[in-house]
Structures are given as structure tokens and as C-alpha cells.
Amino acid sequence: MLRPPYTRYNRLYTYHLDLKDLPAIDDPDLIGTWIEDETAILFFHRPKERLVKTLCEASGATVLYEADLDYTDWEAGREIEPFTVGSLTVAPIWEKTAADISLDPSVIFGSGFHPSTRLCLEGLLKYTSSPEITINTALDLGCGTGLLSIAAAKQGVSRITACDNNRLACQVASANCQANEVEDMVTVLETDLRQQCPDTRVDLVMANLYKGLMLELFQNPDFWQAKLYLLSGFIPGMEEDLLAALPHSGITFLERTRNDRWCSWVLLRQ
Ligand SMILES: C[S@@+](CC[C@H](N)C(=O)[O-])C[C@H]1O[C@@H](n2cnc3c(N)ncnc32)[C@H](O)[C@@H]1O
């Protein structure tokens with residue numbers, strides 16, 4: 001996350017350590033950390049060889065991998081800049097231009113530039129503007145930066161639960177909700193959807209997730225309690241397996257959209 005004196009990201013210094021529990025790191029150049037598959041991943045604005053060496057000596061960990069790269073390379077070679085979807089303008093927090101949503105993308109998925117996020121944003125704007133459906137409550141499964149939840153709140157959805165299993169994503173999403181003054185509407189929850197899915201008795205479930213996790217959710221009857229589902233994160237070659245995993249009755253396929261190689265489905269539960 002951006003903290004003073006930093007106002008944007010330039011270069012990233014990342015360290016992967018074989019460490020399951022990371023002590024708190026108090027360093028002004030720290031962007032954030034997370035644990036993934038028993039590996040700790042540390043992100044800094046500046047090189048941190050000495051700090052990492054001390055950490056390894058104290059914990060017995062080793063550096064598995066380290067890299068320094070431009071922020072644009074982390075963001076798939078793309079400059080993060082303002083964009084507009086329908087009536088909604090989104091700008092990175094370091095841009096001075098007026099925007100409906102001001103976002104710190106940090107090193108978390110959900111800057112808004114990935115085609116799957118864009119499909120979700122488009123679907124969200126379309127269905128929250130539709131006179132035929134009322135959306136007061138929503139779930140954002142795998143919220144990343146929190147962009148979809150913030151957009152939902154800006155569209156008038158009054159109660160949203162945003163969840164992610166990545167602690168840094170939850171921290172970034174919470175900070176973004178505060179920066180956009182929607183923290184009263186959005187509750188951010190750190191949870192692993194493979195272990196526990198939040199209550200889906202809501203008007204809208206938004207899920208931009210990888211196929212394996214989507215399949216697991218599809219097979220859980222508790223997942224199918226919402227009114228409307230806005231799903232993305234898969235490519236055409238994955239759709240057959242996902243279609244086969246849908247409940248045999250009670251679901252109407254409203255829409256399929258594509259952006260680049262990525263697909264999005266909108267499903268309605270009767
Ligand atoms: C493709 S990103 C989507 C981010 C954002 N919703 C968007 O549309 O841009 C998927 C998110 O799901 C989260 N995720 C992956 N596996 C998860 C799990 N088992 N439980 C909860 N969240 C998970 C990731 O950390 C990531 O932030």
C-alpha cells in the first residue's frame with residue numbers, strides 16, 4: 001500500500017522466503033507482504049538486502065527468489081492510468097484528475113485493466129442500472145483491490161461483503177474503501193473460499209476467480225442462494241467444464257460477454 005512519503009510506485013523489490021509466519025516488518029519502504037503456499041512474499045520500494053538477511057538469520061529462512069522490476073512490468077507492462085466504464089471514472093490515487101473512484105492498486109489484482117475485471121465492471125454497471133432488478137446487497141468473492149465493491153457502493157448497493165484470502169488484498173481493499181468513503185457500505189473479510197464461503201443470501205454475487213475455485217464453489221449448494229451472479233476469470237476453453245458444474249435447474253443464463261480471451265457470465269436464480 002502507498003504510505004507517506006511514497007505517492008506512487010516506481011520500482012518494486014520483491015523477496016520470496018520459505019517462511020510460513022512472518023513477523024511484523026516496520027520499515028518505511030515496505031509496500032506489503034503476504035504468505036502463499038508456505039512462502040512469504042515481501043514487496044518494497046527500495047532494495048532491502050540487509051533487512052531480509054537479518055530476517056533470515058533470525059528465522060532460519062532462506063531467500064528462494066528475489067527480483068526487482070518496474071511497477072509497469074508488475075502490471076503486465078501497462079501504465080496504470082485513469083479509465084472510464086459507462087458513467088464511472090476510475091483513477092489511480094496518484095492522479096490529480098477528478099474521478100468517481102480513486103484507487104491504490106498496490107501490488108494486488110484489480111487495477112481495473114485486466115479484461116476480466118473490466119467485464120465485471122461493465123456487468124455491474126448494467127445490472128445495477130436496470131429497472132428490472134433491485135440490487136441492495138452484494139458479495140465480492142476474491143475482492144483484490146476492492147474495486148468491484150467500491151463500484152457497487154457507488155452504484156447504490158448499500159451492503160457489500162468483500163472477501164479475499166490474501167491479507168494484503170484485504171488491507172488494500174479496506175484502505176481503498178476508506179479513501180472512497182464507502183467503508184460504511186463495504187465489510188472486508190479475510191477468508192479462504194475453499195474453507196468457507198460467506199452467506200450468499202444476497203442480491204448479487206460477483207466472482208472473478210480462477211476456474212478450479214469457481215468449480216468448487218459451483219459444487220457447493222450453499223453458493224446458489226443469491227439472485228444474480230456475475231462471474232468471470234475464465235477463458236472459452238474452460239467454459240464447458242464450468243457449464244457442466246452448474247446446478248441442473250433453477251438457473252437462467254442471462255448473458256455471456258467477452259473481452260480479449262476472457263469471458264463473463266451473468267446468471268439469474270429463479
Ligand atoms: C482475479 S482476482 C480478482 C480481483 C478483483 N475482484 C477484480 O475483479 O479485479 C482474484 C482474487 O481472488 C483471490 N483469491 C484467490 N483464491 C482465493 C481463495 N481461496 N479465497 C479467497 N480469495 C481468493 C485472490 O487473492 C485475488 O485477489
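The model shown in every panel is predicted.

**Figure 1. The contact between domain 1 and domain 2.** Seven residues of domain 1 and six residues of domain 2 take part in the contact. On the side of domain 1 that touches domain 2, strand β2 (residues 30-36) gives the most, with four residues. That side of domain 1 has five nonpolar and two polar residues, and no charged residues.

**Figure 2. A cis peptide bond between Pro 4 and Pro 5.** Omega of this bond is about 10 degrees. Pro 5 belongs to the segment before β1 (11-17). As background to this view, most peptide bonds are trans.

**Figure 3. Positive phi at Glu 38.** Most residues other than glycine have a negative phi. Glu 38 has a positive phi, near 60 degrees, and is not a glycine. Glu 38 sits in the loop between β2 and β3 (39-44). Is Glu 38 buried or exposed? Glu 38 is exposed, because 9 other C-beta atoms lie within 10 Å and a residue with 12 or fewer counts as exposed.

**Figure 4. Positive phi at Glu 181.** Phi of Glu 181 is positive, about 55 degrees, in a residue that is not a glycine. The loop between α5 (167-179) and β10 (186-190) holds Glu 181. Glu 181 has 11 C-beta neighbours inside 10 Å and therefore counts as exposed.

**Figure 5. The shell of residues around the ligand.** Two helices, α3 (115-128) and α4 (147-154), each supply at least two residues of the shell. By class, the shell around the ligand has nine nonpolar, eight polar and three charged residues.

Notes
Residues are numbered from 1 along each chain as its sequence is written. This is a predicted model: local features need pLDDT of at least 70, side-chain atom pairs count only at pLDDT 80 or more; totals for chains, interfaces and linings use all residues. Two residues are in contact if their C-beta atoms, placed from the backbone, lie within 7 Å. Ala, Val, Leu, Ile, Met, Phe, Trp, Tyr, Cys and Pro count as nonpolar, Asp, Glu, Lys and Arg as charged, and the others, Gly among them, as polar. A residue is buried if 20 or more other C-beta atoms lie within 10 Å of its own, exposed if 12 or fewer, and partly exposed in between; C-beta atoms are placed from the backbone. A residue is near a molecule or strand if its C-beta atom, placed from the backbone, lies within 6 Å of it.
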